[in-house]
Amino acid sequence: MPLSRLPLSACLDAAVTAAHAAAAILQAYASDRSSLVISNKMHNDLVSQADHEAEQACISVLMERTPDIDIVAEESGGVNTGRPTWYIDPLDGTTNFLHGIPHYAVSVALIAPAGTQMDNGVLTQDTPVIAVVYDPNREELFTAMYGVGAWLNGSRIQTSSSKKLADSVLATGFPFRDFSFSDQYMPSLNTAITGSRGVRRMGAAALDLAWVACGRYDGYWEMGLAPWDVAAGTLLVREAKGVCQDLYQEEPWPVSGHVYAGNAHIADELLGMVRPSLTQRPTKPKP
């Protein structure tokens, strides 16, 4: 039997409210970062009380507004048990934030499990169905709803119209904490540098995907991310008429954090650029 239909409009409204609550805390700390207590979760993986407090603000809103939906969050954890689940990154781009670089975001996504009843049928696989990525420095709110579309500050967005990789501006993320997949990643970076219009590395995966969705970037790929980094961005790109998938072509969305995304014209060419150097799916490093 199909699972219950999710109230997507109410969920989107809750996610927007939660993202704004988290961002308010981030921006309060951004004005005086000297008071932040910073610790290392692992090599080059920083966390501060801004992350923790922003996450708790986000969770509080979602628990109040959507009490029957589970939560997986970067700092407080959680497990997907096969029920509808929020994936929260309260501060995507922590290193940027801590160094005063105004390029970071709050990311909130709702993943519906296979079997969920939607307007156009029953989902056959786990799927992002609500996405919010909020950039508080530019006051840009990216939102998406499954089967309905993607928006930036209320205006509908779609991916770029570039027809080939050679004419594309690409985004990526270098290995920074887990270097076990560097030999799989570096050949694709070299190819992209010489075979595209340019490559950017900005340090916030959620915004990289949001910028693919609105056409600022033509494509993006990265390895070694976490599910909360890419959950919202995946739906943004898909609802903006683009492609966002697992690099290894094994998962319904890039839950293991190995992702490629692009407009419908260049996505296959982008995957073709990366695939020759891929060997086996990297395993997650232990904290």
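How many residues of domain 1 are in contact with how many residues of domain 2? In this predicted model, the contact involves 41 residues of domain 1 and 26 residues of domain 2.

**Stop 1: the two domains.** Select residues 8–156 and colour them as domain 1, then select 165–276 as domain 2; these are the bounds given by the domain assignment of the chain. The C-alpha centres of domain 1 and domain 2 are 20 Å apart. Between domain 1 and domain 2 an area of about 2,600 Å² is buried, and carbon and sulfur atoms give 67% of that area.

**Stop 2: polar links across the interface.** Select Arg-216 and Glu-140, whose side chains form a salt bridge with an N to O distance of 2.8 Å. Across the interface of domain 1 and domain 2, the rule finds one salt bridge. Residue pairs in polar contact between domain 1 and domain 2 number seven.

Now display the strands of domain 1 on the side that touches domain 2. The elements giving two or more residues to that side are E3 (70–73), E4 (85–92), E5 (105–112), E8 (127–135), E9 (140–145) and E10 (149–152). Strand E8 gives the most, with seven residues. If you colour this side of domain 1 by residue class, you will find 23 nonpolar, 10 polar and eight charged residues.

**Stop 3: an annotated site.** Select Glu-74, Asp-89, Leu-91, Asp-92 and Asp-229, which an unreviewed UniProt entry marks with the feature "binding site". These residues span 156 residues in sequence, yet no two of their C-alpha atoms are more than 9.7 Å apart, so they gather at one spot. Leu-91 of this set is found in strand E4.

Stop 4: A search of the whole structure finds six salt bridges. Asp-119 is in the loop between strand E6 (117–118) and strand E7 (121–122), while Arg-5 is in the segment before helix H1 (8–30), so the pair ties together parts that lie 114 residues apart in sequence.

Conventions. Residues numbered from 1 in each chain as written. Predicted model: local features only at pLDDT ≥ 70, side-chain atom pairs only at ≥ 80, totals over all residues. Heavy atoms only, no water. Domains from an automatic or database assignment. Contact = heavy atoms within 4.5 Å. Buried area = accessible area lost by both parts, 1.4 Å probe. Salt bridge = Lys/Arg side-chain N within 4 Å of Asp/Glu carboxyl O. Polar contact = N/O pair within 3.5 Å; in protein donor to acceptor, adjacent residues only side chain to side chain. Helix = DSSP H or I, 4+ residues; strand = E, 2+ residues; numbered from the N terminus. Nonpolar A, V, L, I, M, F, W, Y, C, P; charged D, E, K, R; others polar. UniProt positions renumbered as here; feature names shortened; annotations may be inferred.
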